[in-house]
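Q: I am new to this structure and would like to learn how to read it. Could you walk me through a few features?

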Amino acid sequence: MSAGRRSSINPVALVALGIIVLVVALALCGPAFNPNGIETLDWAQVAAPPGMRGAHWFGTDRLGRDLFARTLEGTRTSLAVGLVASLISLGVGIAYGAVAGYLGGRTDQLMMRLIEVLSGLPLIFFVIFLTVVFGRGQHLLFVAIGAVGWLSMARIVRGQTLSIRRREYIEAAVACGASSVRILVKHVVPNLLGPVIVYATLTVPQIMLFESFLSFLGLGIQEPHASLGTLIAEGAGEIDAASWILWVPATILAGLLLSLNILGDYLRDTLDVRDA
Amino acid sequence: MHRYFLQRLAGAVPTLFIIVTLTFFLIRLAPGGPFDQEQSLPPEIMANLQRAYGLDQPIWVQYGRYLAALAHGDFGPSFKYTDFTVNELIGQGFPVTLELGGLALSLALALGIPLGIFASLHQRSAADYAATSLAAIGIAVPSFVVLPVLGLIFGVYWHWLPIIGWEPGSLRHLVLPVIALCLPPLAYIARLTRGSLLDTLRSPYIRTAYAKGLPVRSVILRHALRPALLPVASYLAPAVASIMTGSLVVESIAGLPGIGRYLVQGALNRDYTLVMGMVIIYSALLIGMGLIVDLLYAWLDPRIRFDA
């Protein structure tokens, strides 16, 4: 069931993939080509526009820090949070959804009801809450965001599990006397991983958006570290004098999120993953 | 129908109660208190302050008192904005937030649905691609990126509209924030309308309507649109949630005196009562929206019967 065989490859999705690869490569390798550090203050070049002077290719901010270096650091942070928190929500979602779908009946109803109630709550306020209550560390940020992302993941996993449960090989495993835990770990989870990972590509941009939202509010990544959210917040305060401080991180975040969404949508449509 | 609605209304009370209880204890678990300052207060003054706000009592007594006051609609005094009660703070800010959010939601519906209809009627045309790409951008790009960029273009470069600030009764200050806030829900609504209208247009009763010789216009508006709007109706509650969270950042960027700032600031300041008030208001709004969605469902699709 490869994406290429089903239909010809969508040029828009290809461009999106290209942009993602480019931004990731830039975020990882960029610092090697630029002499400026993320915390170095260049007093001779405070709020300098983009140009070649002092190798501040994207300009500098109010404190004379190089925007190229800071934007790349912010991109790395945002990508890292997106990936790690997606993995957390993937892990929790798989465990929860697979158990609910496999056990079925009352347990399933109860577990799904809980998901329904949780999705109805204003979870973003709880995350704001959690980050404030338990300190604004990066680790907590991962946990808090992952904790919100697992809800929809669990629903998808459950749907997949329901269809897997009826397959012959599960019946065979039951007939062989395998325990429920063994069947879940050895048979159910490996088989639902494919479609679920496709769906997870769509949670990465959602989580990156959420992270930058929290960082924008000052609840996420803290100075001197940067995420795209903190950089945009900084830039939003300088639009009348130094608009590049906004343009640079805003363009990267918008481009990255758009590309990830387009790629995720394309993968989902081509591989036909439905949330049941 | 009425019975179902009353049941749902009664069901909202325990949900709110759980939210109130959770936030009440969670925020008190947090290290630090509302009266912590750089320089710590003398113990006598601290004790007096604690006594004045009832914080010297056991936590269960505080909880009971809070619930009793809440039952009378009293959110209590703010700890940080001294001389203000939470009711007063919310009363001042809420109209602004409501105007901003209400305008954004109305605009999203008023533009999103026609855009979706148009795109589905001209499937695979240039206009369809334009509409769907616009929707993709609206979904992907968050309002805290859109608003500063709009401000830069319309405020700084062209001097058409004010970027920040607020004047009562003036709509000019709301134009950019409303646009930034309504884009993501607008994009979702357009996408949902397009998708579900395409599905509906394939059903047999639409073919029947065409076969009767009805003009396209009345087939779409009178027959296809109503059932096709069901997914849009169920998206309304998430849309309100998205506008509410969006308004947190939009208000802070545009300097609007709404209630958005109280949530984050209140939590950072450990202003217990203010945060509680905010969480309750937002939750109540969301739950209320859920009820409205249920009613809309019954109106859009007469096959849905709640009493059965």
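A: With 9 C-beta neighbours inside 10 Å, H159(B) counts as exposed. The general idea is a count of other C-beta atoms, placed from the backbone, within 10 Å of a residue's own: 20 or more means buried, 12 or fewer exposed, and anything in between partly exposed. This is a predicted model, where local features need pLDDT of at least 70, side-chain atom pairs count only at pLDDT 80 or more, and totals for chains, interfaces and linings use all residues. Residues are numbered from 1 along each chain as its sequence is written, while chains are lettered from A and ligands numbered from 1 in the order in which they are written.

Q: Where is H159(B) found?

A: Helices are DSSP runs of H or I with at least four residues, numbered from the N terminus. H159(B) sits in the loop between α6 (143-157) and α7 (175-201) of chain B. Its phi is near 55°, a positive value in a residue other than glycine.

Q: Is R270(B) buried or exposed?

A: R270(B) is buried, because 21 other C-beta atoms lie within 10 Å. The loop between α11 (260-268) and α12 (272-300) of chain B holds R270(B), and the phi of R270(B) is near 55°, also positive in a non-glycine residue.

Q: How many residues does the contact take from chain A and from chain B?

A: Two residues are in contact if their C-beta atoms, placed from the backbone, lie within 7 Å. Here, 30 residues come from chain A and 33 residues from chain B. On the side of chain A that touches chain B, α10(A) gives the most, with 8 residues.

Terms used: Helix = DSSP H or I, 4+ residues; strand = E, 2+ residues; numbered from the N terminus.
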